[in-house]
Amino acid sequence: MITEGILNINKPQNMTSHDIVGVARRTLGIKKIGHTGTLDPMATGVLPVCIGKSTRVMEYLDMDLKTYRCTMELGLLTDTQDIWGEVLERRSVTCTEAQVRAVFADFCGVIDQKPPMYSALKVDGKRLYEYAREGKTVDVKTRKIYIHNLELEKIFPDGEKTITFTVQCSKGTYIRTICQDAGEKLGCCGTLTSLERISSGIFHVEEALDLEVFREMDPLEIEKSLYASWQPLVHFGKVVTDEISGVRFAAGWHLPLQECQIVKAPTFAEQDFYLPIRTEFRKAYNVFAEIAGKEVFIGVAFYNETYKKLVADKIFYTR
């Protein structure tokens, strides 16, 4: 019986991320299932779905960079910043390819972005899209986001006033807002017309399960498709200890680093300036123990400078 693990689902269009969780619950007969990185109903692509005990790593997965491929149309402005909203304005498009490249060059590194009114962000306990649907406006502050890379793939193909690009970015980045902001800088508006998430951390769309295929898979096939809870935590360090120390750690004892083999150190250094994470996450380790000749995942720990030891954050091992 499946009790934990992470599925890489390829979310189809016209379904919410919560709809996918519902399908997984019905297919697996497990209630404790959640997803990371919400996708809008009209977006497609990678949606990591965490099962059972693996839901406990969801907060860690939010730190992963995500990559999107999108297409935008110039000369069009909508209330939702995408093609599925109400058209507010149309403008002529006179910009050149060189101007497009110059404008998009500014969308790199840490930038300020104002979340759209049609979003799930909460202000005073209420989601922005609820205010928008009521015709109300609220003061929305800009937030810092991080764009690791943005690559223009197609500019004005076959004479169309569209642009296709891929962007790798941090949590909280609104791709449709990039489209609108770029359109404004070009003087002609811009609206998102398609969006696909092609990766989220270690999860890639080429390896994602088609939802209809997933519905028909038997439990053994599904089990083969699962990622272990620790696998996506690639930025965490890794230590291996002996069985006695591992069992004690699982029972609440702190773990001295000298009792471990340090296989890998945490690799958060170059991302510290943008990741919205707790400071101790940057000192996180996946803890394994040699039990019955196998490396067994015990849990996640943070190195504590005061104790000079690893202190458990989440324990997964039970005897």
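Predicted model: local features only at pLDDT ≥ 70, side-chain atom pairs only at ≥ 80, totals over all residues.
Local features here need pLDDT of at least 70, side-chain atom pairs count only at pLDDT 80 or more, and totals for chains, interfaces and linings use all residues. Residues are numbered from 1 along each chain as its sequence is written, and side-chain values use heavy atoms, with hydrogens and water left out.

Let's start with the salt bridges. A salt bridge is a side-chain nitrogen of Lys or Arg within 4 Å of a carboxyl oxygen of Asp or Glu. The count comes to 14 salt bridges, including these:

| Pair | Closest N to O distance |
|---|---|
| E295 and K238 | 3.0 Å |
| D313 and K314 | 3.5 Å |

E4 sits in strand β1 (residues 4-11), while K53 is in the loop between β3 (44-52) and α2 (58-61), 49 residues apart. Strands (E, at least two residues) and helices (H or I, at least four) are DSSP runs, numbered from the N terminus.

How exposed is K314? With 11% relative accessibility, K314 counts as buried, whereas D313 is partly exposed at 24%. Buried means under 20% relative accessible area, exposed over 50%, and partly exposed in between (1.4 Å probe, protein chains only). D313 and K314 also join E59 in a network of salt bridges.

T164 is buried because its relative accessibility is 11%. Its side chain makes a polar contact of 3.0 Å with that of T71. A polar contact is a pair of N or O atoms within 3.5 Å; within protein, one must be able to donate a hydrogen and the other to accept it, and residues adjacent in sequence count only if both atoms are side-chain atoms.
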